Amino acid sequence: MLTGKHRIAARPQGVLKDAAGGAARVTTGKQRNQASLRLLYAALGALLFASYGAIGKDLLHNPVRDAILLSAYDEPYNRLRYLTVLLIFAVALLERRVIITLRSIWFLAPLIAVTAGSIFWSTSVVVTGRNAFLLAGLVASTALIVARNGTGGFFRIQLHFLALVVISSTLLALAVPDIGRHSAGDLLERGHIGQWRGIFGHKNGLGAYAAIATVQLTLFAKGEGLQRAYWWAARLCAVACLVFAGSATSISATIVGFIIYFLLSNRWTSHPFVLSMLGALVIVVAGALSAGAADVFGLFGRDMTLTGRTEIWRAAATMIKQHFLLGLGYGSHVEVMMNYLRSALFSSAVDTHNGYLDVFAAVGLVGFVAFVFAVLVGGRKAYSAARHGVGEVRDAGLASMCVIVMSLTAAIGEVSPFRAVGYGGAIFWMSIVLAAHASAQVRRAIQSPSAPEPAL
């Protein structure tokens, strides 16, 4: 256990003193430059969240309402993502900070290499190349922004993004229910009539963001005066979106997120031995409940097939076995699996409905091992920051760990948590990068508690 003086991850900058010994605020040209750059990176960060979250795309074309899965706006949004990534890299290159920053996410390199390498066995080289670029661009761009604006600066952008998503979704669901809710006019998913979908095309999209927002806004959003009112409004909207979207997967993930927070926020329950014992207990209880699984699922309004998911999983496994080692190609696997599942089962079987099977289908056993390695290392770094950091660094570690475990939970029934472009998937990858940077700050503070943090 670290001593109190070692549990430091962020230090106040030195204060200039005038001749009388009082504090003197001096703003130099360099300081103004730095402030302008931080503002630019913040704007690019907001654009990164919006573009990868495809915010607004479903309002322009709703695949559930129109029964047309392919959208004319897919390509413009992809171009916006490419442009955002290139702009971030261009600014970072001018500051000569790219290489030293990307070292912090070394553990993601094997997965990025496999996704890029899968173009050689992909059914569509273009699709795989684009998707590999989007994943690499997302994690690298996040690392560059976090390194420039700090863990706290990036985390605040994320909180505001989540707040705006749930507030706008609530207003749309209340004011324009034909758009903000599943309605009788929808050509697909008519079983969800009345459930909220907000600014997204499907209730599961809103549920994914509402789950993360409920946990993070409740536990980490702080402010005074008008900002306090803003955060409370956002919290209430997040809970409303979570409840009225009616996604059992998202509600389960939210419960898991709160449990993870309360375990890691306590010095005793966050001890590795205690967490190991609790994990073993969960496995034992789950095994005991499996005998009465039908009754357990019934409590959540589910049957033993999890609304047809188990049938989809079996069919998907058959296809995966045929491409077991290397997969179908990152990104190109989506259309291949959709066509196969629809022909083998039913028209609504558009994906594997399981994030782990989705990764396996994309990059096979080799890529799945690289994925597990990246998640384990990222989770370990989030745990380190949560347990040993203080202030904003500790909050970033706790929040990242919550998102990582929530995504691992939600991925049991959905594919989006692990996709770079998907409902909440970008925040999963961003959280892994944020955890890496927070852990690095803790490590530097331990190694040199009295030295200033090195400028990149």
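**Exercise 1. Describe how helix α11 and helix α17 pack.**

Solution. 
- Find the helices first. α11 covers residues 248-264 and α17 covers residues 391-410. Helices here are DSSP runs (H or I, at least four residues), numbered from the N terminus.
- Take the geometry next. The two pack at an angle of about 145°, and their axes are 8 Å apart. Axes are lines fitted to C-alpha atoms over the stretch in contact, and angles run from 0 to 180 degrees between N-to-C directions.
- Now list the touching residues. Contact means heavy atoms within 4.5 Å. On α11 they include Ala253, Gly257 and Leu264. On α17 they include Leu398, Cys402 and Val405.

Note on the model: it is predicted, so local features need pLDDT of at least 70 and side-chain atom pairs 80 or more, while totals for chains, interfaces and linings use all residues. Residues are numbered from 1 along each chain as its sequence is written, and side-chain values use heavy atoms, with hydrogens and water left out.

**Exercise 2. Classify the ring pair of Phe200 and Tyr209.**

Solution. 
- Recall the rule. Rings of Phe, Tyr and Trp (its six-membered ring) pair if their centres lie within 6.5 Å; planes under 30 degrees apart are stacked, over 60 edge-to-face, the rest tilted.
- Search the whole structure. There are 21 aromatic pairs.
- Apply the rule. The centres of Phe200 and Tyr209 are 5.0 Å apart and the planes are at 5°, so this pair is stacked.
- Check burial (under 20% relative accessible area is buried, over 50% exposed, in between partly exposed; 1.4 Å probe, protein chains only). Phe200 is buried at 2%. Tyr209 is buried at 1%.

**Exercise 3. Which residues touch the most other members of the largest nonpolar core?**

Solution. 
- Define the core. It is a set of buried Ala, Val, Leu, Ile, Met, Phe, Trp, Tyr and Cys residues joined through side-chain atoms within 4.5 Å.
- Name the residues. Among 115 members, Leu108, Leu217 and Trp429 touch the most others.
- Find the main contributor. α7 gives the most, with 20 residues.
- Look around Leu217. Beyond four places in sequence, its contacts include Leu159, Val166, Trp231 and Arg235.
- Look around Trp429. Ring pairs link Trp429 into a cluster with residues including Phe324, Tyr356 and Phe428.

**Exercise 4. Is Ala147 buried or exposed?**

Solution. 
- Ala147 lies in helix α7, residues 125-175.
- Read its area. At 16% relative accessible area, Ala147 is buried.
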